[in-house]
Amino acid sequence: MERLSRLRAVLEAAKGHPVYREKFKDLDPKEVTLEDLKDLPLTTREEWVAFLKENPRPPEGASLMHLTPSPLLGWMPEYLSQEDLRYQAEALAAHYRRLGLVGKKVLVAFSYHVFAGGWLFHQALWRAGNLVFPHGPGEAARIAELSQAFGFDVLVTNPSFALKVGQAGGRFPLLLAGGEPFTSVPGFRERVEAALGGVALDAYGTSELGIVAGERLEKDGLWEIPEMAILEVLDPETLRPVADGEKGELVVTALSRTLMPMVRFRTGDLAIALRREGLTVLPRGVFGRTDAMVKVKGVKLYPTELAPILAGFGLDPRGFQVVVERKLEGTDKLILRLKAEKVPPGLPEAIAKATGLRVDEVELTGELEGGLVVDRRF
């Protein structure tokens, strides 16, 4: 009931916000159920960008402000009220308590300047009953020294920097990672855990939404944090829910935002949905974008999902191109162009397992010309 009550509070706030006022004019938030959420209109980042262009100043009631890079705005602001901050800290604290994070010594190596990252983790971990040190980013060697001098239990940072900390001699029983692809990159977690000598857990969030999904100690996917958000995975073409195990676009309703409500927000991120214990689970995390999609051999291929696979094989995750041609007999031919000197053993098989498509040919090249997808069938 608490979750439903919070959803109704968010919808009540949204109903009075210019981004939603017209869409929700006939909505009575007090009558909405959790099941009704799927019938409400979707919201896009473009809608928010348009509003913020016209209304760049902080809204009344804003208590904390962050910025995030935006190709459409330059910088996109996020504003939280006092009530949003209180709710967010306690909601995330509940998640960390379920992980057993009470009475631990935590070092946060995310930025506290401009971006939301450090604040998100810091406030929740402190509220959960831990000692929190706001170190900020950089200085891997110093963090390694501090880990030994003060016996920190938890490191909070992005996985690539955590790897540098481990290589500098830092040892942490637990890493709370976020901010970049991690568990979606084959072998990445194993390398980080070996370097730090502990367990590494992933999380997913954005500046607009906060942290909305996180791993459990069982490492069985990113679980919806029930106090923070309601997650859906929709077919980006039909906008209907995908079946368990199918790919689609992650759509999020944030329960921690009332000043800038995010109701059925289309993230554009690619994920697979499973429903477990009344929650949505993302078994492969977030592993691509839905912006570009091409149908090959009757199967939807999202090219960006190849990036973490390539990274897992030590290749440049941006150094590839998907080419689709028509064979003489009329069937599709899938070609992967790689900016590489050789094809790592097992790469075609890993792509087939992830996408359900067999790569017919791999071309090696020194330069890539054109876009991410070259469709020569038409």
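Biologist: How many bridges join strand 19 to strand 22?
Modeller: This is a predicted model. Strand 19 spans residues 320–326 and runs parallel to strand 22. Within this pairing, Val322 stands opposite Val373 of strand 22. The number of bridges joining the two strands is three.

Biologist: In what order do the four strands of that open sheet lie?
Modeller: The pairing in this sheet is mixed. Strand 21 (361–364) and strand 22 (373–375) are the edge strands, as each pairs on one side only. From one strand to the next, the twist averages 20°. The order is 21-20-19-22.

Biologist: Which strands form the edges of the open sheet of five strands?
Modeller: The five strands pair in parallel, in the order 4-3-5-6-7. The average twist from one strand to the next is 20°. An edge strand here pairs on one side only. The edges are strand 4 (131–134) and strand 7 (199–201).

Biologist: Which residue is the bridge partner of Val154 in strand 6?
Modeller: Strand 5 covers residues 154–157, and strand 6 covers residues 174–177. They pair in the parallel sense over four bridges. In strand 6, Val154 has as its bridge partner Leu174.

Biologist: What angle does the direction of helix 4 make with that of strand 4?
Modeller: Helix 4 packs on the five-strand sheet. Its contacts there are strand 3 (105–108), strand 4, strand 5 and strand 6. The angle between the directions of helix 4 and strand 4 is about 160°.

Biologist: Which residues is Leu176 in contact with, leaving aside its neighbours within four places in sequence?
Modeller: Leu176 is one of the core residues that touch the most other members. Its contacts include Tyr96, Leu125 and Val156.

Biologist: Is Ile143 buried or exposed?
Modeller: Ile143 lies in helix 5 (residues 140–150). A second, separate core of 21 residues includes Ile143, along with Leu146, Val165 and Leu196. The cut-off for a buried residue is under 20% relative accessible area. Ile143 has 0%, so it is buried.

Biologist: How far apart in space are Ile143 and Pro308?
Modeller: Beyond its neighbours within four places in sequence, Ile143 is in contact with residues including Leu107, His135, Phe161 and Phe172. Pro308 is 165 residues away from Ile143 in sequence. C-alpha to C-alpha, their separation is 27 Å.

Biologist: Why is strand 13 largely enclosed by the rest of the structure?
Modeller: Strand 13 pairs with strand 12 in the antiparallel sense over five bridges. Strand 13 also pairs with strand 16 in the antiparallel sense, over two bridges. Strand 13 is largely enclosed because, of its eight residues, the number buried is seven.

Biologist: Which residues are the closest to the centre of the largest pocket?
Modeller: About 1100 Å³ of space lies in this pocket. Among the elements giving two or more residues to its lining are strand 1 (64–70), helix 4 (117–127), strand 13 (265–272) and helix 8 (306–312). The lining has 47 residues. The closest to the centre are Gly178, Gly179, Glu180, Pro181 and Gly205.

Biologist: What is the phi of Leu239?
Modeller: Most residues other than glycine have a negative phi. Leu239 sits in the loop between strand 11 (229–234) and strand 12 (247–254). Its relative accessibility is 29%, so Leu239 counts as partly exposed. Leu239 is not a glycine, yet its phi is positive, at about 60°.

Biologist: Where is Lys297 found?
Modeller: Lys297 has a positive phi of about 55° without being a glycine. At 35% relative accessibility, Lys297 counts as partly exposed. Its place is the loop between strand 17 (294–296) and strand 18 (299–301).

Technical notes. Residues are numbered from 1 along each chain as its sequence is written. This is a predicted model: local features need pLDDT of at least 70, side-chain atom pairs count only at pLDDT 80 or more; totals for chains, interfaces and linings use all residues. Side-chain values use heavy atoms; hydrogens and water are left out. A nonpolar core is a set of buried Ala, Val, Leu, Ile, Met, Phe, Trp, Tyr and Cys residues joined through side-chain atoms within 4.5 Å. Buried means under 20% relative accessible area, exposed over 50%, partly exposed in between (1.4 Å probe, protein chains only). Contact means heavy atoms within 4.5 Å. Two strands pair if DSSP finds at least two bridges between them. Axes are lines fitted to C-alpha atoms, for helices over the stretch in contact, and angles run from 0 to 180 degrees between N-to-C directions. On a 1 Å grid over the protein atoms alone, a cavity is a set of points where a 1.4 Å probe fits but cannot get out, and a pocket is an open set with protein on both sides within 12 Å along at least five of seven lines; lining residues have an atom within 4 Å of a point. Grid points are joined across faces, edges and corners, and a volume is the space filled by probe spheres set on the points.
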